[in-house]
Amino acid sequence: MTQQSVAAPQPVPTSDKLDAAVLKVAGVVVLGALMSILDVTVVSVALPTFQSEFDASYARVAWTMTGYTLALATVIPLSGWAADRFGTKRLYMMALALFTIGSGLCATADTIGELITYRVLQGLGGGMLMPIGMAIMTRAAGPNRIGRLMAVLGIPMLLGPIGGPILGGWLIDVASWHWIFLINLPIGIVALVYAQLALPKDSPQPSESFDFLGMLMLSPGLALFLYGVSTLPEAGTFADAEVWGPMLVGAALVVAFVRYSFKPRHPLLDLRLFRNRRLTIAALTMFVFIIAFMGAGLLFPSYFLQVRGESTLHAGLLMAPQGIGAMVTMPIAGMLADKVPVGRTVPFALLLILAGFFTFTQLDADTSYVLLCGSLFVMGLGMGGTMMPIMTSALKTLTGHEVARGSTLVNILQQIGGSVGAAVMSVILTNELNGSRQIPGLTDENGNPVTEAGLAIAAQQRPELAQQLPDPSLIERGLDFAANSFATTFWVAFALVAATFIPAAFLPRRRERSHLLDDQPGDQPGDQPGDQPKIPVIVH
């Protein structure tokens, strides 16, 4: 990863408070990040609609989410060099434009294949909004306010889980699925104008050569590996060539990159940073947590839609307590991260997540909504106190010239963890549902046998199916089996959250000063005494 730095036009801010100038810039970043994150959560509740509209399987329509992630994994390694080469303002506006154009194209899709393709294009832009936004805000805020900075950037992460499912459900119910993408057009245009007016002009100053050989190994390697992993739910087994083939080639490319990355002076991804024990522990904690929480998080609305028969709007409303819980704790966690070692706070947040998760391991077909919403709220409290403090801990262990490369490492691990988690949870749930009793003599339009659970889930969206059955208890048995399948899957997520306590136990428990100001002129290779000091640009 290339180091990104721009000559400092003024002294680094030292005040602990976020002033008006920082908040003006933050408005641009939050608007872009909100648009990107809202789109992810909106699409998550639209998957059943895509199934019926395009007559496709759940595993197939899930590629509307997976394609976005693959695009993200491809552009992350390039973001640092691109920001250095073109400037953060120009790159941010380009990402906004690409995301907005991709959104418009998604609304025109006539087939599921077209929609997936346009989602990839959308992901190429949306994937850069948060990393480059982080770069812009870090430069504006300085190193003494990272915890508060993380809390501000957490705003879209709070509003996404709250507003996304509700907005998506409402738009699908009152209009059509096209509007979950069309709504991005006016927001994107406003964000572009706001960015042009509010963001300071940048003067890109390329300081390092681009690692083309590393890019040719890492970006395709990550994309192929994640493609293979994401194909697993549809194939149902690792023995399928479409699963192990891309995974094997992708893993080989990634391993080749790992061996190569220690040779060049400025590798695309600097794995030497893992010698930093604090960064390694924070990254490992985040990785395990993301697999569990993000993987299972996609299944919460599916339970409400498929087992409880709720509309997309109601499913979105039922998910809102999780975002509200995070809204309570994230600002507090941001302030504490500047003052209290995360090793003393994160374990308590993980306990809250574990407590909330336990309820979902006990699911049945009529579990109380009060209990479920209360558990989601508790999980949200824990989520708000987990992710941002861990990231803050990782950044504070690095010196200024290491931040761009270190945050890139963590971000790539997040994307891999999220993809692996979603694939694993989907495979477990699919295999559990396939274990349901088959109905003799009944097949679907493709000639495949129909199970009690499959029929019961279909009847929740099409009640007329239940009226045609000679045995009404069949639907009840099918729903009970489906609920138990979800509960079994959540047990796996519960165990993974519990496993997060192992690396979290090694998070720092003593207060340490930030190292972001440790760089001095002449410290880095190529610096000369008297060089103008640099401000790091984070690519996250």
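The following legends describe an overall view and several close-up views of a predicted model.

**Figure 1. Overall composition of the predicted protein model.** The secondary structure amounts to 21 helices and four strands. Of the 540 residues, 57% count as buried. Among contacts with a separation of 6 or more, 82% are between residues 24 or more positions apart. The protein exposes about 21,800 Å², of which carbon and sulfur atoms supply 65%.

**Figure 2. Edge-to-face pair of phenylalanine 50 and tryptophan 177.** A search of the whole structure finds 18 aromatic pairs. In the pair shown, the ring centres of phenylalanine 50 and tryptophan 177 lie 5.7 Å apart and the planes meet at 90°, so the geometry is edge-to-face. The pair links distant parts of the chain, 127 residues apart: phenylalanine 50 belongs to helix α1 (residues 20–54), whereas tryptophan 177 sits in the loop between α6 (146–174) and α7 (179–182). Phenylalanine 50 is buried, at a relative accessible area of 0%; tryptophan 177, with 4% relative accessibility, also counts as buried.

**Figure 3. Phenylalanine cluster formed through ring pairs.** The cluster comprises Phe289, Phe293, Phe300, Phe357, Phe360 and Phe490, which are linked by ring pairs.

**Figure 4. Helix α15 and its start.** Helix α15 (residues 369–384) contains 16 residues. From its first C-alpha to its last, α15 reaches 22 Å, close to the 22 Å expected at 1.5 Å a residue. At the start of the helix, a side-chain oxygen of serine 368 comes to within 3.2 Å of the backbone nitrogen of valine 370. The buried residues of α15 include Leu372, Cys373, Ser375, Leu376 and Met379. Also buried in α15 are Gly380, Leu381, Gly382, Met383 and Gly384.

Key
Residues numbered from 1 in each chain as written. Predicted model: local features only at pLDDT ≥ 70, side-chain atom pairs only at ≥ 80, totals over all residues. Heavy atoms only, no water. Phe/Tyr/Trp six-rings, centres within 6.5 Å; stacked < 30°, edge-to-face > 60°. Helix = DSSP H or I, 4+ residues; strand = E, 2+ residues; numbered from the N terminus. Buried < 20%, exposed > 50% of the residue type's maximum accessible area, 1.4 Å probe, protein only. Expected span 1.5 Å × (residues − 1). Polar contact = N/O pair within 3.5 Å; in protein donor to acceptor, adjacent residues only side chain to side chain. Contact = heavy atoms within 4.5 Å. Areas by Shrake-Rupley, 256 points an atom, 1.4 Å probe, with all protein chains shown as cover.
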